[in-house]
Amino acid sequence: MSKRKANAAARPESLQAKRRRVATILKKLRRRYSGGRRTALDHVDALQMVVATILSAQCTDKQVNLVTPELFKRYKTAADYAGSDIGELEGLIKSTGFYRNKARNITGCCRKLMEEHGGKVPREMEKLVTLPGIGRKTANVIKYAVWGDNDGIAVDTHVGRLSRRLGLSERKDPEKVERDLIEAAPRDARGELSWLLIQHGRTICAARRPLCGECMLSAQCPSAGHAEDIK
Ligand code: SF4
């Protein structure tokens, strides 16, 4: 490392400098990954997105998308899920893993939607996080995917790891990482930043063997070339 670079690395980065760096990161990620989508989970309305998001825990989006066409044909409303035969529902979602738990969350969530929200998915964060199977991260994913809302940033394992590697946060706790990202990212790009970091984490900046040599963010990344230990 040159003396100038080493000195720069030793100085804490100002918030202003971090915001400029995030703007450049966003520009580069958009160039590579923007396809106009806000989620890889197929859905046509908020209820389908809620169900797909519950199913996506510990499962790939691709696998969820294989299961949901049949599921969405069978159950169309919150009342349908709430009154479903649990064995039948479990059978339909079995290949997504943890299906007993997921079936319980889907029916519990839809019962609550029926009892407290007239069968509709609420848009407010504080209401969404009271639904079974929905935490802050999934609520952020749902809000951005369905309504394009930018009040928070969904921090999953990819977003957390990339935030640490890119020097945007030093924290491990997803809610604290989210706070750091909110401070550094433009308000209208919060949901997009999460989506783009997930794409980059899946394709280039994997947990094991990040491809720094091929990464368009290497000039903005303090971990370029030595990122394996940052998980
Ligand atoms: S330079 Fe390496 S560590 Fe940094 S974002 Fe790219 S792949 Fe990840």
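Predicted model: local features only at pLDDT ≥ 70, side-chain atom pairs only at ≥ 80, totals over all residues.
Let's start with the big picture. The chain is built from twelve helices and has zero strands. As for its outline, the C-alpha trace spans about 65 × 30 × 30 Å along its principal axes.

Now, how is the chain divided up? The domain assignment gives domain 1, made of 15–35 + 151–220, and domain 2, covering 46–147. Their centres, taken over C-alpha atoms, are separated by 27 Å. Where the two domains touch, domain 1 puts in nine residues and domain 2 puts in seven.

Next, zoom in on a pair of helices. In general, two packed helices are described by the angle between their axes and the distance between the axes. Take helix α10 (residues 157–165) and helix α12 (residues 190–203): they pack at an angle of about 85°, and their axes are 8 Å apart. Angles of 65 to 115 degrees count as roughly perpendicular, so α10 is roughly perpendicular to α12. From α10, the contact uses H158, V159, R161 and L162, while α12 brings S194, L197, I198, H200, G201 and R202. Sorted by class, this contact has four nonpolar, four polar and two charged residues.

Finally, look for the ligand. Its surroundings consist of 14 residues, and the closest are C205, C212, C215, C221 and A227. What classes of residue make up this shell? Eleven are nonpolar, two are polar and one is charged.

Conventions: Residues numbered from 1 in each chain as written. Near = placed C-beta within 6 Å. Nonpolar A, V, L, I, M, F, W, Y, C, P; charged D, E, K, R; others polar. Domains from an automatic or database assignment. Axes fitted to C-alpha atoms, helices over the stretch in contact; angles between N-to-C directions. Helix = DSSP H or I, 4+ residues; strand = E, 2+ residues; numbered from the N terminus. Parallel < 35°, antiparallel > 145°, perpendicular 65-115°, else oblique.
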